[in-house]
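Thanks for coming, everyone. I'll walk you through one chain today, piece by piece. Please have a look at it first.

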Amino acid sequence: MGRPLDLLLRGGTLVDGTGAPAREADIAVVDGRIAVLPAGAPAPAAETLDVTGRIVAPGFIDVHTHSDALAAPHGTGGATEPIDGLRLAPLLQGVTTEICGNCGTSLFPSLPERLPALAEHLRVTFGLGPVRPAVDFDAFAAGQDPALRHTHIASLVGHGTLRAGVMGFEDRPPRADELDTMCALLDRTLAQGAAGLSTGLIYPPGTYADTEEIVALARVAARHGKPYVTHLRDEMSQVESALEEALEIAVRSGAPLQISHHKTAGRHAWGATLRTLPRLERARVEGVDVLCDVYPYTAGSTVLHAMLPPWASEGGIGALLERLRRPETRDRIRTDIAQGVEGWENTVGNGGWDLISVAAAQTHPEAEGRSIADLAAERGVHPVDQACDLLLAEQGEVTIISHSMREDDVRRVLASPLSMIGSDGVPKPGRPHPRWAGSFARVLGRYTRDEQLLPLESAVHKMTGLPARRFGLTGRGVVRDGALADLVVLDPASVRDTADFDHPLLAPEGIDTVVVSGQVAARDGRPTSARAGEVVRIR
């Protein structure tokens with residue numbers, strides 16, 4: 001080394017992100033890049049940290065987040081203590097790169113004339129106050145405030161946003177010119193550095209799209225060598241047919257396929273991972289580049305209006321709220337939940353309102369943490385009326401937690417060689433799902449060390465090298481000479497999640513040091529003043 005190092009991590013055990021066995025090595029950082037040194041080699045450095053007994057690994061990559069607006073000051077109305085806690089949660093569990101724009105919703109792209117209506121949709125989705133959507137990826141990147149970025153961020157192109165940004169919230173196929181415009185916008189944003197195409201096929205307006213529309217757009221992603229990332233059309237009773245649709249889209253388009261937060265939820269789908277995971281393995285043998293991600297919990301989280309049949313949201317949030325005031329609308333919702341609607345996932349019908357609890361309701365914090373069924377019983381109303389009344393009171397902005405999965409299914413997906421780790425974090429004030437603050441530490445502590453579901457090297461690979469390769473994050477995800485200096489130091493004996501549904505932002509234990517772009521961003525489990533996160537462009 002020709003000059004003193006900026007940082008030296010001495011005495012640790014390197015788990016390099018490739019899945020290779022752990023080994024002793026010292027890790028040097030100079031000019032934001034890594035050098036791997038023999039253990040104990042003389043190396044003068046501006047700062048040396050003794051990490052004896054600790055694991056040194058690449059910074060974790062959270063492949064599935066909804067953190068698009070957290071570092072956009074126009075999205076939060078200024079820094080406040082709850083928002084700061086949400087911003088810090090990924091960093092404190094070792095995440096150095098987040099991939100947002102998942103489930104079909106991103107902050108871009110849109111035709112300029114569609115931006116006002118899109119802003120209302122995104123306000124409800126992100127729950128952080130007024131949100132300013134962007135016409136393309138360049139505008140999105142410009143809207144991320146570096147002073148608020150603890151971690152790096154990359155973004156997918158959300159199909160729902162793209163569709164709404166071209167044709168609004170109508171339940172119909174696009175005209176030829178509209179589809180051409182959608183493809184052109186997608187092509188431009190991918191060329192600017194967006195990470196791929198995402199869909200959320202249970203969420204309006206994405207749910208209004210047929211397979212042909214998605215194939216046309218996925219072909220654009222394929223031309224850029226970027227993945228098609230999908231929240232399946234159904235993760236419950238029809239999960240297997242929804243998976244077949246995703247595989248068909250991948251085969252016909254040629255795009256790599258990423259199944260978002262793979263699960264088999266609801267009582268009619270419990271145990272179906274015994275079939276879905278072998279199906280994914282067969283598809284890979286047949287030449288389909290398919291992988292998935294997973295979070296280590298049996299509860300999910302989403303927006304309350306996703307519990308309603310898709311027709312209720314046609315036309316956007318304003319139209320939804322107007323409908324919910326009508327008794328006949330509520331009667332129809334009750335009937336559809338009880339009887340089902342072809343092609344609709346019907347979360348409540350597969351579980352029940354007692355399994356749906358309120359995570360965020362800004363003007364009704366007393367409802368947070370309580371189930372819709374309990375709130376309805378307290379008022380002496382039907383749960384559908386409780387849900388509709390709460391949506392009206394909150395102008396559509398209500399987030400929920402759905403307790404819908406079984407532990408054995410979660411464990412199978414975690415253990416699969418096809419899976420990587422993503423939090424699916426929905427960072428909103430209130431009582432968000434603890435996965436935003438706990439997913440990575442939970443995998444390392446509970447499932448890796450305590451239950452020995454998978455080796456440490458495999459767990460780290462699922463958090464680093466595998467997602468970096470999938471999403472084209474060059475220079476990230478592996479500790480090797482010349483790699484970007486995003487690193488995490490952890491204690492394998494004590495690492496564990498502490499966040500729970502009552503205290504969802506508690507920082508994990510055992511994550512000692514986090515380095516972002518060569519700067520120490522967390523030390524002794526606490527954030528420093530460093531703000532080294534950047535918007536990552538994937539070319």
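Let's start with a charged pair: the side chains of arginine 330 and aspartate 389 meet in a salt bridge, 2.8 Å from N to O. Keep in mind that this is a predicted model. The pair links distant parts of the chain. Arginine 330 sits in helix H11, residues 327-339, and aspartate 389 sits in helix H13.

Is arginine 330 buried or exposed? Its relative accessibility is 10%, so arginine 330 counts as buried. Aspartate 389 comes out at 26%, and therefore counts as partly exposed. Salt bridges that share partners join Arg330, Asp331, Arg334, Arg379, Asp385 and Asp389 into one network.

How many salt bridges does the count come to? The answer is 44. In general terms, side chains of opposite charge can pair when their charged atoms come close. I'll show two further examples.

Take arginine 188 and aspartate 136. Their side chains meet in a salt bridge at 3.7 Å, N to O. Again, distant parts of the chain are linked. Arginine 188 belongs to helix H6, residues 176-192. Aspartate 136 lies in the loop between helix H3 (115-126) and helix H4 (137-142). The separation is 52 residues. Arginine 188 has a relative accessible area of 38%, so it is partly exposed. Aspartate 136 has 11%, so it is buried.

Next, arginine 275 and glutamate 240. This salt bridge is 3.0 Å, N to O. It runs from helix H9, residues 273-285, which holds arginine 275, to helix H8, residues 239-253, which holds glutamate 240. The two are 35 residues apart. Arginine 275 is partly exposed, with a relative accessible area of 45%. Glutamate 240 also counts as partly exposed, at 35%.

Now to helix H12, residues 372-379. Which of its residues are buried? They are Ile372, Leu375 and Ala376. Why do they fall on the same side of H12? Because they cover an arc of only 100° around the axis. What covers the buried residues? The cover includes strand E17 (356-360) and helix H13 (383-393). After H12 comes glycine 380, with a positive phi near 70°.

On to the sheet. It is an open sheet of 7 strands, in the order E3-E2-E7-E20-E21-E22-E23, with mixed pairing. The edges are strand E3 (23-24) and strand E23 (526-527), each pairing on one side only. At the E3 end, strand E2, residues 13-14, pairs with E3 in the antiparallel sense over 2 bridges. Within that pairing, leucine 14 has arginine 23 in E3 as its bridge partner.

Stay with the sheet and find valine 489. Its place is strand E20, residues 487-490. The relative accessible area of valine 489 is 2%, so it is buried. Leaving out residues up to four places away in sequence, valine 489 touches Leu9, Val51, Arg54, Ile55, Val56, Gly510, Ile511, Asp512 and Thr513. From valine 489 to arginine 523 is 34 residues in sequence, and 9.5 Å in space, C-alpha to C-alpha.

Now the cysteines. How many disulfides does the count come to? It comes to 0. Cysteine 103 is in none, and the nearest cysteine sulfur, that of cysteine 100, is 12 Å away. Cysteine 103 is buried, at 6% relative accessible area. Cysteine 292 counts as buried, at 0%.

Last stop, a neighbor of cysteine 103. Histidine 66 sits in the loop between strand E8 (60-62) and helix H1 (73-76). At 15% relative accessibility, histidine 66 counts as buried. Beyond four places in sequence, histidine 66 touches Asn102, Cys103, Phe126, Asp424, Gly425, Val426 and Pro427.

That's my tour. Over to you.

Note on methods
Residues numbered from 1 in each chain as written. Predicted model: local features only at pLDDT ≥ 70, side-chain atom pairs only at ≥ 80, totals over all residues. Heavy atoms only, no water. Helix = DSSP H or I, 4+ residues; strand = E, 2+ residues; numbered from the N terminus. Buried < 20%, exposed > 50% of the residue type's maximum accessible area, 1.4 Å probe, protein only. Contact = heavy atoms within 4.5 Å. Pairing = 2+ DSSP bridges. Arc of directions from axis to C-beta. Disulfide = S-S within 2.5 Å. Salt bridge = Lys/Arg side-chain N within 4 Å of Asp/Glu carboxyl O.
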